[in-house]
Amino acid sequence: MKKIVLLASACFFTLFTNAQINIDSTDLGNLDDSVLLSTAQSFTADFTSTGAGHSWDFSNLAPNSQFIKAYRNVSEGGTLANIVFGQFAAAKYKASYFARENNILFTLAGANLPVAIESFNRVCKINADSLTYIGIMLETGQGTFPIKSDTIESRFVFPMEYGQTHSTRGYTYADMNPAVNAIFIEHRKVESEVDGYGVLSSPYNDYQVLRVHHDIFQSDSIYADLQGTGTPTWAPIPSMHMHEYEWWAKNEKDPVLKITTQELFGFQVIQSIEYRDIFHPEVASVIENSIDFSLSPNPAQNNTLIKSDVTIEQINIVSAEGKNIRKIKEISAFEFSIDLSDIPAGVYFVEVISGSQSQKNMLVRN
């Protein structure tokens, strides 16, 4: 009898862990959410195997850096961003949030721009039936450039279910004049398919997941003075055929694993791997911009004092797992003391925001 019970339990567990799920808009991150992500390098990660009831094992990935992906209010981009994507914008351009994206093509293009690009951000709108890319936000040393997409890319259609497919295009004409004499054009065609479901094992956790494959053709161009002649010219950026493989789980806000590849000579070469993780102090790299601030004492018990070289407008406290613990707004001071008496002992990140700049430093609560 005991053997029968154990066998039945094993069968039930197998069926449960390989059960098909669906993903809807409530499973994605939204305004004020944040997630802690690790990046990894691997030339052998199996991103091609998929299907119904599949098992993916990425438990051997090792982090080489970490960052916090924050879903930020467009008002943090300044007055112009609030006009372009805020409450007075046209309905389809009223943003839910903007968030940093590691955009390979723009990194290549940005190296040729006459202004340093500190971060490339997607501006997103979450609807009950879709998530759309409505524009981009470029953070530079010259300020923040909010730019609407002329053709809005529909990134996800909800609910996401196994076997679902859809196609979309995105076109963004980013004119950075008069601040900078440069124009960047992004043109994307994306074919997406939910091509698998099952169980994914990562270094952090095991998840029931849906696997989504985005097949991306991107062709961009740039208008700038690339030769230093004083006369800007149009220059195409080599087209790229990219693939993004995402594994989504319920209520996890962001893919629990994402692998980006580039097709070269008929082969897919891994460009980046990101996955949900816990804090690893030996590899963490979470500074996002250029605010210089200190925390004292650190480690701390009941309070810690923040001193900044710029006016502190807002402070966010985020757990090592990426959960928002506290948000303090409308500070307008160079120093601010934080009461930690109601925060459990552990590792946290304190984010200081001033205008379009932000920086996160680690805080240990004893």
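D195 is buried (under 20% relative accessible area, with a 1.4 Å probe and protein chains only), its own relative accessible area being 12%. The model is predicted, so local features need pLDDT of at least 70 and side-chain atom pairs count only at pLDDT 80 or more, while totals for chains, interfaces and linings use all residues. Residues are numbered from 1 along each chain as its sequence is written, and side-chain values use heavy atoms, with hydrogens and water left out.

- D195 belongs to strand 9, residues 183–201; strands are DSSP runs of E with at least two residues, helices runs of H or I with at least four, numbered from the N terminus.
- Apart from neighbours within four places in sequence, D195 has contacts (heavy atoms within 4.5 Å) with T50, G51, Y162, R211, V212 and H213.

**The protein chain**
- The protein chain contains three helices and 20 strands.
- Of its 366 residues, 51% are classed as buried.
- Among contacts in the protein chain with a separation of 6 or more, 63% link residues 24 or more positions apart.
- The accessible surface (Shrake-Rupley method, 1.4 Å probe) is about 16,900 Å², and carbon and sulfur atoms contribute 53% of that area.

- Four strands, in the order 17-16-19-20, make up an open sheet with antiparallel pairing; two strands pair if DSSP finds at least two bridges between them.
- Strand 17 (324–328) and strand 20 (357–365) are at the edges with a single partner strand each, so one side of each lacks a neighbour in the sheet.
- Strand 19 (residues 346–354) and strand 20 run antiparallel and are joined by nine bridges.
- V350 is opposite N361 of strand 20.

Definitions and conventions: Buried < 20%, exposed > 50% of the residue type's maximum accessible area, 1.4 Å probe, protein only.
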